[in-house]
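The following exercises are to be worked through with the sequence and the structure at hand. Each task is followed by a solution in steps.

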Amino acid sequence: MSTASATTPTGTPRRLLAVAGVLVVGPLLAALALWAFAWPAARTAPRDLPLGVAGPSAATAQVEQQLAGHKGAFEIHHYADEAAARDAIEDRTVYGAVVVTAQGPELLTASAASPVVAQLLQQAVAEPAAAQGTQVRTVDVVAAPAKDPRGAALNASVLPLALAGIAAGAVVTSVGLRGTRAVVALVGASALAGMAVAGITDSWLGVLTGNWWAEAGVFGLATLAVSSAVAGLAALLGTAGIGIAAGVIMLLGNPFSGAASAPQLLPEPVGTIGQWLPPGASATLLRSVAYFDGAAASGPALTLTWWAALGLGAVLLGNALKARKKSAALAAERELVPAG
């Protein structure tokens, strides 16, 4: 009886605290997830979307005035002619261009860059002109592949890569790999994952049309950026590091990636933040490699490389700190033991 009465007062408050924690944390996580995924989707609209206007200044004035009516929607780039506008689209400087010709206006799009943006440009340019009796010819300069015209497969690849990276980092941590061994395991697993995903998306499904090895490299680097971040934080912070890294990637990286539309269609600073995180950088890099011969690939490639380098560095640093702590503890223990 005395034992039960001694444990009950302390056990009951702990249970109540646990229940209260679940009641608070559960709804809080649900609200956070809903905010992260639903808010950007509900506020999708063009914001300083790079768009070209080509032709003589006198001829393009009316077009620019029309586009200016969409306040803050477009960032206008001027080009001398259609050839220059096409080059800008293929270099990923702009998403499309309005070309003023003697035969009438022409809209250049690139559905490979974003099918959603290509459709948006048609609604903003071609449909108003058609309502006024002017036909606008639309040309898809860099078309999305026939087997993935809506970009659904590319968008669908973002979440599996994030999950694969989180799983790899968690497994390396849970099995007790440390230091150089952990680095080798992470790099090897990411390389194999990259080749496997490229084999599915390119060789089997045919939804990617770029260089196979370059695509495999993108998939591998994207996986390594996530897995090394997970393992690195775990090496420094313990098991909590896995949850922190996974939470950032899943709750911010995926919904902020802009893979389903474009970063410029997301509310700021969501679009910018998304490109600093692995899912957004990997989606942008994959489009460049798969459809644009690597144009504008340096920025997202550098972002992923920094994530991978910092994560692997954290893995090595965490191992070194633990080794030093262990050595210090052993030295202190020896000092306490009397000589002889």
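Helices (H or I, at least four residues) and strands (E, at least two) are DSSP runs, numbered from the N terminus. The model examined here is predicted.

**Exercise 1. A cis peptide bond**

Identify the residues joined by a cis peptide bond, and locate the proline among the elements.

Step 1. The cis peptide bond joins glutamate 268 and proline 269, and its omega is about 5°.
Step 2. Proline 269 is placed in the loop between H9 and helix H10 (270–276).

**Exercise 2. The packing of H6 and H9**

Describe how helix H6 packs with helix H9, and name the residues that meet.

Step 1. Two packed helices are described by the angle between their axes and the distance between the axes.
Step 2. For H6 (residues 158–174) and H9 (residues 239–253), the angle is about 175° and the axes are 11 Å apart. H6 is therefore roughly antiparallel to H9, since angles over 145 degrees count as such.
Step 3. On the H6 side, the residues in contact are Leu159, Ala162, Leu163, Ile166, Ala170 and Thr173; on the H9 side, they are Ile242, Ala246, Ile249 and Met250.
Step 4. Sorted by class, this contact of H6 with H9 has nine nonpolar residues, one polar residue and no charged residues.

**Exercise 3. The packing of H8 and H11**

Carry out the corresponding description for H8 and H11.

Step 1. The axes of helix H8 (residues 212–237) and H11 come within 10 Å and cross at roughly 175°. H8 is therefore roughly antiparallel to H11.
Step 2. From H8, the residues Ala214, Glu215, Val218, Phe219, Ala222, Ala225 and Val226 take part; they meet Pro278, Ser282, Leu285, Leu286, Val289 and Ala290 in H11.
Step 3. By class, the contact of H8 with H11 has 11 nonpolar residues, one polar and one charged.

**Exercise 4. The two largest pockets**

What volume does the largest pocket have, and which element gives the most to the lining of the second largest pocket?

Step 1. The volume of the largest pocket is about 340 Å³. It is lined by 21 residues, of which Arg92, Tyr95, Pro263, Gln264 and Thr284 are the closest to its centre.
Step 2. Helix H11 (residues 278–291) supplies the largest share of this lining, four residues. By class, the lining of the largest pocket holds 11 nonpolar, eight polar and two charged residues.
Step 3. The second largest pocket has a volume of about 280 Å³. Among its 15 lining residues, the closest to the centre are Gln62, Val63, Gln66, Pro105 and Ala129.
Step 4. Two or more residues of this lining come from each of helix H2 (57–68), strand E3 (97–101), strand E4 (104–109) and helix H4 (115–131). H2 gives the most, with five residues.
Step 5. The lining of the second largest pocket divides into nine nonpolar, six polar and no charged residues.

**Exercise 5. Glutamate 106 and serine 111**

Are glutamate 106 and serine 111 buried or exposed, and which residues does each touch?

Step 1. Glutamate 106 belongs to strand E4. Its relative accessibility is 4%, so glutamate 106 counts as buried.
Step 2. Leaving aside residues up to four places away in sequence, glutamate 106 touches Glu82, Ala97, Val98, Val99, Val136, Arg137 and Val139.
Step 3. Serine 111 is placed in the loop between E4 and H4. With 11% relative accessibility, serine 111 therefore counts as buried.
Step 4. Leaving aside residues up to four places away in sequence, serine 111 touches Ala118, Asp140, Val142, Ala143 and Ala144.

Terms used
Residues are numbered from 1 along each chain as its sequence is written. This is a predicted model: local features need pLDDT of at least 70, side-chain atom pairs count only at pLDDT 80 or more; totals for chains, interfaces and linings use all residues. Side-chain values use heavy atoms; hydrogens and water are left out. Axes are lines fitted to C-alpha atoms, for helices over the stretch in contact, and angles run from 0 to 180 degrees between N-to-C directions. Angles under 35 degrees count as roughly parallel, over 145 as roughly antiparallel, 65 to 115 as roughly perpendicular and the rest as oblique. Contact means heavy atoms within 4.5 Å. Ala, Val, Leu, Ile, Met, Phe, Trp, Tyr, Cys and Pro count as nonpolar, Asp, Glu, Lys and Arg as charged, and the others, Gly among them, as polar. On a 1 Å grid over the protein atoms alone, a cavity is a set of points where a 1.4 Å probe fits but cannot get out, and a pocket is an open set with protein on both sides within 12 Å along at least five of seven lines; lining residues have an atom within 4 Å of a point. Grid points are joined across faces, edges and corners, and a volume is the space filled by probe spheres set on the points. Buried means under 20% relative accessible area, exposed over 50%, partly exposed in between (1.4 Å probe, protein chains only).
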